[in-house]
Amino acid sequence: MEQSNRSIFYQNAMKYGTYLGVFWTLTYILLFKSFNSPMLSMLASAMFISSPFVAGKLTIRYRKSECGNYMKYPQAWTFLFCMYLCATLFSTLTNYIYLSYIDGGATITAMTGILTEASNTQGLEVAAKEQLEAMTKYISELTAGNMTWSLLHNNIFSSLIMPPIIAF
């Protein structure tokens with residue numbers, strides 16, 4: 001691949017990665033807001049499950065528009081990997097902004113409330129109650145930065161696992 005083609009390749013990967021990052025951002029925001037709404041929870045789950053299909057569709061769109069509808073596996077894998085990395089960076093930035101400045105701790109409060117309510121359930125085994133209380137304590141000590149790092153790690157793991165599968 002010559003230099004100009006390589007540059008266009010990576011620019012397109014960044015462009016489509018930004019589109020995927022916007023999709024992930026919407027998914028995460030719906031997830032953060034879904035603790036009190038079953039409808040938002042189902043929508044966030046559906047978006048999460050459809051994310052690899054969206055990535056595949058974006059890659060097919062790139063293949064059809066820029067590659068004459070032909071792309072070798074290594075090129076598809078590289079495109080997807082770069083696209084996933086750009087989406088990871090974009091969604092991590094927006095998650096941090098959302099959790100730090102917009103959310104105001106509502107997500108953590110909702111999660112601890114749900115776990116506290118679950119641990120107060122009648123007839124719950126002692127071991128299960130202790131686990132729920134430990135999870136409640138752990139989540140109540142989380143910060144926006146900690147949650148963002150956790151989401152970043154999950155997205156990087158996805159960036160390593162999903163592109164080779166989707167590239168087929």
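Leu 20 touches Ser 51, Val 54, Ala 55, Leu 58, Met 83, Tyr 84 and Ala 87, leaving aside residues up to four places away in sequence; contact means heavy atoms within 4.5 Å. The model is predicted: local features need pLDDT of at least 70, side-chain atom pairs count only at pLDDT 80 or more, and totals for chains, interfaces and linings use all residues. Residues are numbered from 1 along each chain as its sequence is written, and side-chain values use heavy atoms, without hydrogens and water.

Leu 20 and Met 83 touch the most other members of the largest nonpolar core, which has 36 residues. Such a core joins buried Ala, Val, Leu, Ile, Met, Phe, Trp, Tyr and Cys residues through side-chain atoms within 4.5 Å. Buried means under 20% relative accessible area, exposed over 50%, and partly exposed in between (1.4 Å probe, protein chains only). At least two core residues come from each of α1 (3-33), α2 (38-66), α3, α4, α5 (126-140) and α6 (144-166). Helices are DSSP runs of H or I, at least four residues, numbered from the N terminus.

Helix α4 covers residues 106-119. Its 14 residues should span 20 Å at 1.5 Å a residue, and the end C-alpha atoms are 20 Å apart, which agrees. The expected span is 1.5 Å times one less than the number of residues. Buried residues of α4 include Thr 107, Ile 108, Met 111 and Leu 115.

Ile 102 lies in helix α3 (residues 73-102). It counts as exposed because its relative accessibility is 59%. Lys 64, in helix α2, is also exposed, at 53% relative accessible area. Lys 64 and Thr 78 are 14 residues apart in sequence and 16 Å apart in space, C-alpha to C-alpha.
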